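These are my notebook entries on one protein structure. I set down what I looked up, topic by topic.

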Amino acid sequence: MPTVAVLAFDGMSPFELGCVVEIFGLPRPELDVPWYDLRVCAETAEPLRVVGGFTMRAEHGLDMLASAGTVIVPGVADVRGPVSAELVTALRLARERGARVVSICSGAFALAAAGLLDGRAATTHWKYADLLRQRFPAVEVNASVLYVDGGDVLTSAGSAAGLDLLIHLVRGDHGANVANAVARRLVVPPHREGGQAQFIEAAVTPVQDDGAVARAMEWALANLAGPISVADLARMANLSRRSFIRHFKRQTGTSPLRWVISQRVAASLPMLESTGAPVEEIGAAVGFESPVTFRHHFTRAMRTSPSAYRRTFNASAVSR
């Protein structure tokens, strides 16, 4: 089983650590794939204080962190303070040995301190973005996205965006079907595009909306294969076009058409993984007007082409 090491530290919030444990620490024999071997690591063997009034003790030290195949830093104790030389050394050693290094929320400060983000695009929680730029000017900070997949180094925004990135990792390791199964167990969306906005003006549905946006989204998901315009969505929501766009942006952090595109790309993944249908047919089946349009949006969202994705996750299918 591939080893995943997650850092625990004194004063940490339990949510981000809990997300890592939920994804990688629970055995999932029903998925019939080799699952992960999770190790919780810390700089000290002493009890660690956790936000909420309890303590915990990690079973492993930084030597395990440095030797794992995937290393996850779910935060730092102080975004304005120094990162210990021991942690910096462990992170650099892990990367030099070929580990995939991941941060959630303020964990990007530890990766930046280790020099792993120099010259790279990265993200963190929006409220820390300016500070990350100031402290580490060599990092290309993008405060408007949920996560950034840099291949061997990945960063995510605050808390729940980390869950999106972790499911994204599972998708890359085991494919869409397994990632979708894990997401269903967690009752979360199986795929949110990393470029989706992290800052949402109002997460609570306005009273005057009365579920209008949700109705439009449900209709769109049931009709992805056909043409879908903003006017169509607004009509399903019984709102004017302008009001619908405003409500949609408040509730999702993105535009209606960008959301539709992301849903179409997500719907194409299981087809690429489990069928031998030509890429052109799959693109049409999920509503893209042409193969060129499908390839463009797929590559933009997944950072690979449909054919390359198929070669990676569906060895039995004929590459088209």
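Which residues in H11 meet which residues in H13? I found that Ile261, Val265, Ser268, Leu269 and Leu272 in H11 meet Phe294, His297, Phe298, Ala301 and Met302 in H13. Contact means heavy atoms within 4.5 Å. Helices are DSSP runs (H or I, at least four residues), numbered from the N terminus.

I noted the basis of the entries. The model is predicted, so local features need pLDDT of at least 70 and side-chain atom pairs count only at pLDDT 80 or more, while totals for chains, interfaces and linings use all residues. Residues are numbered from 1 along each chain as its sequence is written, and side-chain values use heavy atoms, with hydrogens and water left out.

**H11 and H13**
I then looked up the axes of H11 (residues 256–274) and H13 (residues 291–302): they come within 10 Å and cross at roughly 90°. H11 is therefore roughly perpendicular to H13 (65 to 115 degrees; under 35 is roughly parallel, over 145 roughly antiparallel, the rest oblique). Axes are lines fitted to C-alpha atoms, for helices over the stretch in contact, and angles run from 0 to 180 degrees between N-to-C directions.

**H7 and H11**
I found H7 (residues 176–186) packed against H11 at an angle of about 135°, with the axes 9 Å apart. The two helices are therefore oblique to each other. Ala176, Asn177 and Asn180 of H7 make the contact with Leu269, Pro270 and Glu273 of H11.

**H8**
I asked which residues of H8 (residues 212–222) are buried. They are Ala212, Val213, Ala216, Met217 and Ala220. Buried means under 20% relative accessible area, exposed over 50%, partly exposed in between (1.4 Å probe, protein chains only). These residues cover an arc of only 135° around the axis, which puts them on the same side of H8; the arc is that of the directions from the helix axis to the C-beta atoms. On the other side of H8, I found Glu218 and Ala222 exposed. The cover over the buried residues of H8 includes H9 (230–237), H10 (241–252) and H11.
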